[in-house]
Amino acid sequence: MQGHRLRRFMAAGSGLLLAATLGLAGPAAVSAQDEEPVRIGYISGGDADPFVLLVTEGIRAAADEAGVELSECDGAFLDDTALNCARTLSAIDNQAMINWQFNPAIAPQVCEAYGNLPTVAIDTPEEPCQATFVGADNRQAGLVAGTGLGEFAQATFECQYDAYISLDFPIIPEINAARAGGTKEGFEAICGAVPDDKYFSIDTFAGGPDQAENTRRQVADTLTILPDAQTILIVSPAGDSMPIAALGAADTAGRKDQVWIVGHGADPTVLDLIRNEPQWIGDVAYFPERYGELIVPLAVALARGEEVPEEVLVTHEFITADNIDEFYPAE
């Protein structure tokens, strides 16, 4: 299957999967001892991204624990690939879907391609087949990030700064507006309104699906037009790969000590940075490793024709060098 990958996963394990985590209760626990395994399809957004891969691995583990037959395909952040995944999975006799393709504009086509099976959507709206949504509380995550940045800026430079750069993903406007807007709102509640001439929005999808490279290029360009800036705040509603690229661009320009970063995700790629990099203020944790414990029981309930809540949202925490071991102890 050119352009995408299909993985069939037949669980052999047994036991109970408890659908209660992050302070949220899910549907009834799933038994792995049904005579016929529940069949669920999964379109991953793009497993090349560390955050997405953690979610995928959690879904596999939860499916294994629940005795679910999981058929999966990687959408690779590409519309055509996600559509091909949907068509491929339609040939399998799935009973429900888990869908995480990243472009809401093509969601109707993707849903139609797999027969509008009842769907658990992850972090991106997947109408009209979406029966329940699992993911971030986007505005709250933004407020947590902005508050963390504002408190740091107030304590460190009395809220004096030269530029505020937001690494955005307007391809998903509603979610980006909630995360980026919430981040700005949280920051402004402490440091006052961001002046228009200090505010810069970078589209992390401008140039193709490689968000990190797009970010590196555009941050380098932005630094060029800000030769006199000494204090540059960078927030990343789009995730953690992008601020890593932004930090790299600043380092290449010899200006690493002028940028201060707050990310969204707290995936394993940034845990050492949170601990050891002075320019990395902190990250809003989304706990991707726990998503599967929420998602799989919901998908099983849909496969059985049971009612599910309209949404199940993550509880977010601001992770810094001071508290990281409470959430992710050093090995």
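**Exercise 1. Find the partner of Glu-213 in a salt bridge, and work out how the two residues are placed.**

Solution. Start with the contact itself: Glu-213 pairs with Arg-216 in a salt bridge whose closest N and O atoms are 2.7 Å apart. This is a predicted model, so treat the distance as a computed value. Finally, check the surroundings. Glu-213 is partly exposed at 32% relative accessibility, and Arg-216 is also partly exposed, at 36%.

**Exercise 2. Take the salt bridge between Arg-39 and Asp-93 and determine which parts of the chain it ties together.**

Solution. First, the geometry: the closest N and O atoms of Arg-39 and Asp-93 are 3.2 Å apart. Now locate each end. Arg-39 sits in strand E6 (residues 39-44), while Asp-93 is in the loop between helix H2 (79-90) and strand E8 (96-99), so the bridge ties together parts that are 54 residues apart in sequence. The last step is accessibility. With a relative accessible area of 22%, Arg-39 counts as partly exposed; Asp-93 has 54% and is exposed, because the cut-off for that class is over 50%.

**Exercise 3. Classify the packing of H1 with H9 and of H4 with H5 from their angles.**

Solution. Begin with helix H1 (residues 50-66) and helix H9 (residues 291-303): their axes are 8 Å apart and the packing angle is about 50°. That angle makes H1 oblique to H9. The contact includes Phe-51, Val-55 and Gly-58 of H1, and Tyr-291, Gly-292 and Glu-293 of H9. H1 passes H9 in a right-handed crossing.

Now turn to helix H4 (residues 138-157) and helix H5 (residues 173-191), whose axes come within 6 Å and cross at roughly 30°. Angles under 35 degrees count as roughly parallel, so H4 is roughly parallel to H5. The crossing of H4 and H5 is right-handed. Among the residues that meet are Gly-142, Gly-146 and Gly-150 in H4 and Gly-182 and Gly-186 in H5.

**Exercise 4. Describe helix H7, from its span to the residue that follows.**

Solution. Compare the spans first: H7 (residues 241-252) has twelve residues and reaches 17 Å from its first C-alpha to its last, close to the expected 16 Å. Then look at burial. The buried residues of H7 include Met-242, Pro-243, Leu-247 and Ala-250. After H7 comes Gly-254, with a positive phi near 75°.

**Exercise 5. Which figures summarise the helices, strands and burial of the protein?**

Solution. The protein has ten helices and 17 strands. Of its 331 residues, 57% count as buried. To finish with the contacts, take those between residues at least 6 apart in sequence: 71% join residues at least 24 apart.

Terms used
Residues numbered from 1 in each chain as written. Predicted model: local features only at pLDDT ≥ 70, side-chain atom pairs only at ≥ 80, totals over all residues. Heavy atoms only, no water. Helix = DSSP H or I, 4+ residues; strand = E, 2+ residues; numbered from the N terminus. Expected span 1.5 Å × (residues − 1). Buried < 20%, exposed > 50% of the residue type's maximum accessible area, 1.4 Å probe, protein only. Salt bridge = Lys/Arg side-chain N within 4 Å of Asp/Glu carboxyl O. Axes fitted to C-alpha atoms, helices over the stretch in contact; angles between N-to-C directions. Parallel < 35°, antiparallel > 145°, perpendicular 65-115°, else oblique. Left-handed = near helix turned anticlockwise from the far one by under 90°. Contact = heavy atoms within 4.5 Å.
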